[in-house]
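I opened this entry to keep track of what I looked up.

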Amino acid sequence: MASPRTSEAPLASSARLKEIMAAHFVGVDRASREHTAPVAWCTSVGPVELLRALGYQVFFPENHGALLGASRVANETMGSAHALGYSPDICSYLTSDIGSYLQKRTPLSRYGMSTAPRADLLLYNTNQCREVKDWFEFYGREWNVPVVGVTSFREIGEVQRSHVDAIVRQMEDLVPTLEAVAGRKLDAARLEESVARSKECSDLWREVLATAAARPAALTFFDGTIQMGPAVILRGTVEACDFYRLLLAELQERVKGGKGALPRERFRIYWDGMPVWGKLRDLATLFAGLDTSVVASTYCNSWVFEALDPRDPLPSMARASLELFIARSEEPKQRYLERMVRQFSVDGVIFHDSRTCPNNSNARFGMPQRLRRTLGLPVLTIDGDLNDLRCFSDEQARTNIEGFVEQLEGQAPRSPAAHA
Amino acid sequence: MRAPLYAGIDCGSWNTKAALVDADGALLATAVVRTGADVAGASERAFAELLSRAGAARDQVGAIWSTGFGRHAIPLAGASRTELDSHARGALQYVSGPLTVIDIGGQDAKIILVDAEGRRISHKMNRKCAAGTGSFLEEMALRLDVPIGQLPALARDAKEEIELGSFCTVFTGTEVLGLIRQGKRPADLARAAYRSVVKRVLEMERVEGKVVATGGVVAHHPMVVELLTKAIGREVIVPRNPQEIGAVGVAVAAREAGAPSAEAPAGRTP
């Protein structure tokens, strides 16, 4: 039978990752408790740059959702939100986070926190889904604080100037509220600086992910879901950029030395859709045992914001939010996936159909079948969820994935006892 | 029979199936035992029954490979393949590609596409749901108050076409109870249950090429094959031993792998 194998040498930069993530949580919590700085909650894809420019400490509840999922606390907490009327069929980040608030139970307790930090303001962007707005409005009612945001276009074909202008106007309309809560005026130079750092972080993160294009891949999707933390919650800060420079140098060393994230890489897979947070380790071990590297993903690349430009802050922020994969229609999504498949030289594509995250599940409108046709590549769809493990079957997923790798073996020169 | 022999054990959710092929690939015997709660024990029983049926000795067996949901929990086995691989290989012993294998088992249903060269090109498994599986038929038999073994005979008496509209097994159970209260005949509802299985399975994936049906439900509920044939409008091939086809497939895989490998427990007493 296959024995679990993981990365040959752990990344030294991981210690720094833990430090900056911990410092972030402790910092936001202190600001919330001691009122040393205004605290905002923000959706993971922004527009965080406005908040940073105004001196907010920023908390990202989707990151909290992922922590709840990865620690499997989510499955203990989401029931409380269901009982409150939040359906098991809507975003399980939302339900596990609201349940966490109701139960005062959070994996952030390792940083001395009993709940996610209370905010003075919540700022959303619906370019991913409507749930983020409903999620934030729950807290707006609980804390009697402003909930403001951008109601985005979705299913966008080509991003037009008219789309960008409309989002810019919405962002401009946000500013008076953000200023009033922060107690200061937005400074143009600080906004430019914030966008510049976000752009730098985004560029570094893209380079980090690109190291997986090497054969063997220097990092896997499963590594990426951990390493992406700063790109989500510290984007726009010096700490995030410093960390990614460190990580990038380490990964480039791996590439130079011909070392991969896995000891042996027979096949390379692209992962579309959300991670199954509560099963990350199991899945990483399963793929490693099959000598199969999940080299790239739509998910990890969702924090690459090509369009950001400090010389043109709001329009570039607007464009970056609209150009994201999740906000696009099927045709640009397909072009994107085809490009990624080629860039990372993958042997097959796995779609995770996440029960409670339809907007991040791209197997529902015939995409796998179209990709199979246009690329001639094997595709597989597995059912699951980002946080709700009741929607995930270990056995079905295992059989599907092992069967998929066997299928790849059948196309490569046969290695009969590969699973022995 | 020419040694070495190769055994395949397919540990399914309800039954554990075993098959033995010889060095030339000829199928010598098959066996089926209940899996129960002891997967390893069931595989031992199936293997012992297999040897007995084939009149073969343990030390003639060069390799034992496993498949099925319990494939990783069979100490006898030296290697494993998924049931996706095994059912495709098993079907290919009887029919050449391109073909579609429709496997309907106790807990899951699978559609496996195989190309003209015999390579598996895609597969779909049912979602985390009993609809379209043997478990669904068990539930329906319970609702109709007949043992599962009598469901096929009951369905033969059907006169009226009834469509079950629910997707979920629990909701279908409720729907069936409602139809019973409305005076619908159990025989008609039994046939409707089979039609529901076929409908769910065909919703999973398009079928292409020749169609081969396998699995325990196919073996024990021939009406499924009749309804499948009617639904897709062409012949549905049922190989010999449709329930054991996964075991046959993995035995063939063991044989194709060649002489006993280091992992294969050749000569080891079970």
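My notes follow, beginning with the contact between the chains.

**Chain B against chain A**

I am working from a predicted model. I first looked up the area that chain B and chain A bury between them. I got about 2,500 Å², with 46% of it on carbon and sulfur atoms. Chain B puts 28 residues into the contact and chain A puts in 29.

Five salt bridges run between chain B and chain A. I noted one pair: A:Glu402 with B:Arg71, whose closest N and O atoms are 2.9 Å apart.

Which elements of chain B give two or more residues to the side that touches chain A? I listed β5 (79-80), α2 (83-92) and β8 (120-125). The largest share, six residues, comes from β8(B). I sorted this side of chain B by class and got eight nonpolar, seven polar and 13 charged residues.

**Salt bridges**

One network of them links residues of chain A and chain B. From chain A I wrote down A:Arg264, A:Arg266, A:Asp291, A:Glu406 and A:Glu409. From chain B I wrote down B:Arg81, B:Asp85, B:Arg89, B:Arg120 and B:Glu256.

I checked three pairs within chain A. A:Asp203 and A:Arg206 form a salt bridge at 3.6 Å, N to O. These two are about one helical turn apart, because they sit three residues apart in helix α8 of chain A. An α-helix has 3.6 residues a turn, so residues three or four places apart point the same way. A:Arg206 is partly exposed, at a relative accessible area of 30%.

A:Arg268 pairs with A:Glu265 at 2.8 Å, N to O. Is A:Arg268 buried or exposed? I found A:Arg268 buried, with a relative accessible area of 0%.

A:Asp309 and A:Arg311 also form a salt bridge, at 3.1 Å, N to O. A:Arg311 counts as exposed, with 73% relative accessibility.

**Helix α13 of chain A**

Next I looked up helix α13 (residues 313-323) of chain A. This helix is mostly covered, with eight of its eleven residues buried. Among the buried ones I noted A:Leu314, A:Met317, A:Ala318 and A:Leu322. What do the buried residues of α13(A) pack against? They meet α2 (48-53), β3 (121-125), α7 (161-182) and α8 (188-210) of chain A.

**The two domains of chain B**

Domain 1 covers 1-94 + 244-270, and domain 2 covers 97-238. Their C-alpha centres lie 27 Å apart. Domain 1 gives ten residues to the contact and domain 2 gives 19.

The area buried between these domains is about 1,200 Å², and carbon and sulfur atoms give 76% of it. B:Trp14, B:Leu84 and B:Leu92 supply 50% of what domain 1 buries against domain 2, more than any other three residues.

How many salt bridges did I count between domain 1 and domain 2 of chain B? The count is zero. I did get three residue pairs in polar contact, both residues at pLDDT 80 or more. On the domain 1 side, α2(B) gives the largest share, seven residues. By class, that side of domain 1 has six nonpolar, two polar and two charged residues.

Notes: Residues are numbered from 1 along each chain as its sequence is written. Chains are lettered from A and ligands numbered from 1 in the order in which they are written. This is a predicted model: local features need pLDDT of at least 70, side-chain atom pairs count only at pLDDT 80 or more; totals for chains, interfaces and linings use all residues. Side-chain values use heavy atoms; hydrogens and water are left out. Buried means under 20% relative accessible area, exposed over 50%, partly exposed in between (1.4 Å probe, protein chains only). Helices (H or I, at least four residues) and strands (E, at least two) are DSSP runs, numbered from the N terminus. Contact means heavy atoms within 4.5 Å. Buried area is the accessible area (1.4 Å probe) that two parts lose on being put together, summed over both. A salt bridge is a side-chain nitrogen of Lys or Arg within 4 Å of a carboxyl oxygen of Asp or Glu. Ala, Val, Leu, Ile, Met, Phe, Trp, Tyr, Cys and Pro count as nonpolar, Asp, Glu, Lys and Arg as charged, and the others, Gly among them, as polar. Domain bounds come from an automatic or database domain assignment. A polar contact is a pair of N or O atoms within 3.5 Å; within protein, one must be able to donate a hydrogen and the other to accept it, and residues adjacent in sequence count only if both atoms are side-chain atoms.
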